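User: Could you take me through the charged side-chain contacts in this one?

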Amino acid sequence: MTPRTVSPSVAPVKRLLRAACTLSLLLALCGGPCQAEGIDSDLAAVGAKTAAALDALADWCTKKRVFGSRDDAYVELLAFDPMHRNARKRLRYKRGEDAGWVQDPKYKRAKNWNRKAAKEAAGRLAQILAEHRAAVVARCAGAKSIGDLLAARRVLSGILSREPANTEVPPVLRTLTM
């Protein structure tokens, strides 16, 4: 008996079927496409809410003539919304040669003209960032599916890399087991 050969037209179909079976197995393990995207979409909504609060804070700082604090709010805003046009303009970002964003080397942080409002702005900025962190930690603590657990561990590890002294994240990170 001769070995059975597959005609050239059938081989791509078999590869496609094998890939589809592998994908369906991975989706089943991760809890399906909706659940795997659940934590990411929730965190995107939290980030959008934080970006809106930071934009409102920057507007408030402009009205109160605390321009340095406005620039601080814009720096934080760019972490949540990298394409925010007004923040890039105020912080003097330009397109670089590699199509990335580069800050003008002549940029200097603006001065605050109202010391009382500058203290209030710093407090508001800290409060906005603390509320964002608390919302992210709370959402990550509720992760159930494998995809959500992996995303939660990635997000919480990112928070720890930026804030090594953070005391809220390590206990939640320890509870996220598969």
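Analyst: What follows is a short talk through the salt bridges.

Analyst: This is a predicted model, where local features need pLDDT of at least 70 and side-chain atom pairs count only at pLDDT 80 or more, while totals for chains, interfaces and linings use all residues. Residues are numbered from 1 along each chain as its sequence is written, and side-chain values use heavy atoms, with hydrogens and water left out.

User: How many salt bridges are there in the whole structure?

Analyst: The search finds 8 salt bridges, each being a side-chain nitrogen of Lys or Arg within 4 Å of a carboxyl oxygen of Asp or Glu.

User: What does Asp40 pair with?

Analyst: Asp40 bridges to Arg154, with 3.2 Å between the closest N and O atoms. Asp40 belongs to helix 2 (residues 32–63) and Arg154 to helix 6 (residues 146–162), so the contact ties together parts 114 residues apart in sequence; helices here are DSSP runs of H or I with at least four residues, and strands are runs of E with at least two, numbered from the N terminus.

User: Is Arg154 buried or exposed?

Analyst: Arg154 counts as exposed at 52% relative accessibility, whereas Asp40 is partly exposed at 37% (buried is under 20% relative accessible area, exposed over 50%, partly exposed in between, with a 1.4 Å probe and protein chains only).

User: Switching to helix 5, how far apart are Arg124 and Glu120 there?

Analyst: They are 4 residues apart, or about one helical turn, and their salt bridge has its closest N and O atoms 3.1 Å apart.

User: And which residues form a network?

Analyst: Salt bridges link Asp42, Arg139 and Asp148 in a network.
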